[in-house]
Amino acid sequence: MQGRPQRMYAKCRICGDETEHKLYYVKEMFFGTGQEFIYFECEKCQCIQIAEMPEDMDAFYGSDYYSFSKPVLKEPAASKRIETRVLDVGCGAGKWLADKYVEGHVNLFGCDPFLEADLSYGECIHIKRCTIHEMDGSFEVIRLHDSFEHVGDPLDVLISIGRLLTDSGMALVSIPVYPNAAFDIFKEDWYQWDAPRHLFLHSVKSMEFLCQKAGLRIQDINYNSDYRQFVSSLLCRSGVPYMEQSNEVMVTGIGQQQIDQFKKLTEELNRKGYGDHAVFVIVKERKGGL
């Protein structure tokens, strides 16, 4: 870090604030290539964002990336059919959708631009190789599970959510959130950077700003961090790539007693709203404030 610029003049892509922002130099640690990327933090909306968008993001999603493993489709556990129309954005090969099918859901849709081709499982699960902007129809539930931080156009994504969401529907946006206790401790070694795939690390402020511009509102925020915010960050700091962090590696490298302490600390941080991950429950803004 010494001798390198610590601040950079830039325009925040979220709130538009133009000033000098604090810089972070972050290494790619999912696969462990060690390639370095520069991020900056907007002091106005607190959103951390990559300074320069990579031209070819496909290069950072190899065949070993976890979300592209095809699920094994099992028969529904119950005879009751759940007709709720559900869209999973950034769904990978559709593991979560397959799980919902087992629960009885029969109107399941997904989209992911990094798939090799469209996918279908039976008559109830249909996944397109596309972005949310290319989807049509209406949905009562729209899910973005650890995918919103990967998109380079977050405002447009929220606008598309508003277009696709029914008036009484909800979007569940699950993302890493800043600031948090794990970041305070580990800084550039915080495992949720996932550079360069995580283009934005949002704050509550930046999410409120975007939702308001998109005609949406945050109904609730549920912090759901787990102990990996500490364990995986420690292992990343010691040079262990995330994809190699099996339970055995965690226990061997950290120790079960320490892991149990991290679990208790994580529960406390979630209660206080200072964990590193949360689900934002987002709904349409009601006209007339009613």
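1. Buried means under 20% relative accessible area, exposed means over 50%, and partly exposed covers what lies in between, with a 1.4 Å probe and protein chains only. With a relative accessibility of 23%, Gln-46 therefore counts as partly exposed. Gln-46 sits in the loop between strand 3 (36-41) and strand 4 (48-50), and has a positive phi of about 70° although it is not a glycine.

2. A word on the source is needed before going further. This is a predicted model, in which local features need pLDDT of at least 70 and side-chain atom pairs count only at pLDDT 80 or more, while totals for chains, interfaces and linings use all residues. Residues are numbered from 1 along each chain as its sequence is written, and side-chain values use heavy atoms, with hydrogens and water left out.

3. Helices (H or I, at least four residues) and strands (E, at least two) are DSSP runs numbered from the N terminus, and two strands pair if DSSP finds at least two bridges between them. Eight strands form an open sheet with mixed pairing, in the order 7-8-6-5-9-10-13-12. Strand 7 (119-121) and strand 12 (216-223) stand at the edges with a single partner strand each, so one side of each has no neighbour in the sheet. From one strand to the next the twist averages 15°; axes are lines fitted to C-alpha atoms, for helices over the stretch in contact, and angles run from 0 to 180 degrees between N-to-C directions.

4. Which residue of strand 13 is the bridge partner of Val-173? The partner is Phe-280, and the two strands concerned, strand 10 (residues 165-176) and strand 13 (residues 277-284), pair in the antiparallel sense over six bridges. Helix 2 (residues 154-164) lies across several strands, including strand 10 and strand 13, and runs at about 150° to strand 10.

5. Helix 5 (residues 228-237) and helix 6 (residues 247-254) pack with their axes 10 Å apart, at an angle of about 80°. These two helices, helix 5 and helix 6, are therefore roughly perpendicular to each other, on a scale where angles under 35 degrees count as roughly parallel, over 145 as roughly antiparallel, 65 to 115 as roughly perpendicular and the rest as oblique. Contact means heavy atoms within 4.5 Å, and the residues that make it include Val-231 and Leu-235 of helix 5 and Met-250 of helix 6.

6. The axes of helix 5 and helix 7 (residues 256-272) come within 8 Å and cross at roughly 130°, and helix 5 and helix 7 are therefore oblique to each other. Among the residues in this contact are Phe-230 of helix 5 and Phe-262 of helix 7.

7. A nonpolar core is a set of buried Ala, Val, Leu, Ile, Met, Phe, Trp, Tyr and Cys residues joined through side-chain atoms within 4.5 Å. The largest has 66 residues, and Ile-142 and Ile-161 have the most contacts inside it. Leaving aside residues up to four places away in sequence, Ile-142 touches Ile-161, Leu-87 and Met-170, among others.

8. Most residues other than glycine have a negative phi, and most peptide bonds are trans. A cis peptide bond, with omega of about 5°, joins Tyr-178 and Pro-179, and Pro-179 lies in the loop between strand 10 and helix 3 (181-186). Another cis peptide bond joins Ala-195 and Pro-196, with omega of about -5°.
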